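Visitor: Got a model to go through. Can we start with the terms?

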Amino acid sequence: MRKIFKLFIALSTLSVLFHNCTDDDTEYKGNWVEMEASLWPNRSNAVTFIINNKVYIGTGYDYDTQEILKDFWELTIDGDSFQWTQIDDFPGVGRNRSVAFATETSGYVGLGKDLNNALLGDFYKYTPGIGWEELTAAFPGTARKDAVAFYVDGKGYVGTGEDEDGYRNDFFSFDPSTDKWESISSVKMKRSMAMTFTLDGNAYLISGYYNGALDDFYRYDTLNDEWVELNHISDYTGSSFDDSYDNNIQRYDGVAFTMGGKAYLATGNGSSDVWEWEPTTDYWKRKCDFEGMSRGGAIAFTINDIGYIATGGNGSYSFNDVWSFDPEGEFNNND
């Protein structure tokens, strides 16, 4: 049965008590607002995709109950109004640390691990008004967790992550018009828990984990099937260009999202700092910290050019909160 209701969040006792918006007399811009839009149950390492300006969120792991989740929700945002509609449960094995991408009409969810830590390699398709169906075309890579996925130029792309033999750097494209997978060029470094975003028709892969947080950054050239390396996200070159960078930019298990023609990198392995990327200069600028509890395994999405971060986990806690971001706003700890 489909359930439609609004959920309102109370003040959390897990709120962060300090947020860094100044450093060495530099004041950072940006303001986070906790929305009245909590999603139950709490979860980390869920998946999300967007179809027709509606957000779909599901699966994940609830640290509180130690359960793998299969429920899925459709979120409609109208100004400050958030309406959750429960849709059919994900039909495959319950999982977390999976991937998702969406075409203009359907969302795709696959890979990850189950409650027994078994790695998964299957994929499912969700179409509003039709429901879920398992893809007949088998994913050609190995079963894995902590991979990445994105959709650009009419194809879905899935790659990296960790399988039974270790970290991966391979990538595959999926053509929804033919239901066929194809192997494409691998990214230079193996990694898991990386972040991706798309901006102005281009797809980007950033950071992730391989014996520590990586500081590399790539744009994928779909025409030439090539990963184009951009400037590193650390004080790497020894020039004045990246003197303001530090090891806080690189991370894993964080989120990336876009708004206003720029990209944003936030949360992750103990990170609360937020960075803004300007594509015309390939330069990252510090913004005001994320005001929620520090976390990994969150999700991020953009609706009506407003970026949001939701859910995630920290130690033995998982979260159900949703936060919006105003990158040019003044910090206000009371909103």
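Guide: Two strands pair if DSSP finds at least two bridges between them. Strands (E, at least two residues) and helices (H or I, at least four) are DSSP runs, numbered from the N terminus.

Visitor: And what sort of model is this, with which pLDDT limits?
Guide: This is a predicted model: local features need pLDDT of at least 70, side-chain atom pairs count only at pLDDT 80 or more, and totals for chains, interfaces and linings use all residues. Residues are numbered from 1 along each chain as its sequence is written, and side-chain values use heavy atoms, with hydrogens and water left out.

Visitor: OK, sheets. In what order do the strands of the sheet with β31 run?
Guide: The order is β4-β31-β28-β27. This is an open sheet of 4 strands with antiparallel pairing.

Visitor: Which strands are at the edges?
Guide: β4 (31–34) and β27 (299–303). Each of them pairs on one side only.

Visitor: What's the angle between neighbouring strands?
Guide: On average they are turned by 30° against each other, direction ignored. The axes are lines fitted to C-alpha atoms, for helices over the stretch in contact, and angles run from 0 to 180 degrees between N-to-C directions.

Visitor: Now β27 and β28. How many bridges?
Guide: 5 bridges, in the antiparallel sense, with β28 covering residues 306–310. I299 stands opposite A310. A300 has I309 as its bridge partner.

Visitor: What sits in the turn?
Guide: β27 and β28 form a hairpin with 2 residues between them. N304 lies in that turn and has a positive phi of about 55°.

Visitor: And the β31 side of β28, how many bridges there?
Guide: 4 bridges join β28 to β31, again antiparallel. Y308 has S324 in β31 as its bridge partner.

Visitor: How many residues of β28 are buried?
Guide: 4 of the 5, so β28 is largely enclosed by the rest of the structure. Buried means under 20% relative accessible area, exposed over 50%, partly exposed in between (1.4 Å probe, protein chains only).

Visitor: Switching topic. How many disulfides?
Guide: A search of the whole structure finds 1. C21 and C288 form it, with their sulfur atoms 1.6 Å apart. The cut-off is a pair of cysteine sulfur atoms within 2.5 Å.

Visitor: Where do C21 and C288 sit?
Guide: C21 is in the loop between β1 (4–5) and β2 (22–23). C288 is in the loop between β26 (283–287) and β27. They are 267 residues apart, and the pair links distant parts of the chain.

Visitor: Is C21 buried or exposed? And C288, buried or exposed?
Guide: C21 is buried at 8% relative accessible area. C288 is buried too, at 0%.

Visitor: Aromatics next. How many pairs?
Guide: The whole-structure search gives 44 aromatic pairs. Rings of Phe, Tyr and Trp (its six-membered ring) pair if their centres lie within 6.5 Å; planes under 30 degrees apart count as stacked, over 60 as edge-to-face and the rest as tilted.

Visitor: Why is the F171 and W227 pair classed as it is?
Guide: The ring centres of F171 and W227 are 4.7 Å apart and the planes are at 50°, so the pair is tilted. F171 lies in β17 (residues 166–175) and W227 in β22 (residues 226–229), so the pair ties together parts 56 residues apart in sequence. F171 and W227 are both buried.

Visitor: What about F241 and Y283?
Guide: That pair is edge-to-face, 5.5 Å centre to centre with 80° between the planes. F241 is in the loop between β22 and β23 (255–259) and Y283 in β26, so parts 42 residues apart are tied together. F241 is partly exposed, at 28%. Y283 is also partly exposed, at 26%.

Visitor: Which residues make a ring cluster?
Guide: F49, Y56, F72, F90, Y124, Y126 and W132 are linked by ring pairs into a cluster.

Visitor: Which ring has R295 over it?
Guide: The ring of F319, with the charged end of R295 4.3 Å from its centre. The test is NZ of Lys or CZ of Arg within 6 Å of the ring centre and within 35 degrees of the ring normal.

Visitor: Last one. Where is N320?
Guide: In the loop between β30 (317–318) and β31 (322–326). N320 is buried, with a relative accessible area of 8%. Its side chain makes a polar contact with the side chain of N42, at 3.3 Å. A polar contact is a pair of N or O atoms within 3.5 Å; within protein, one must be able to donate a hydrogen and the other to accept it, and residues adjacent in sequence count only if both atoms are side-chain atoms.
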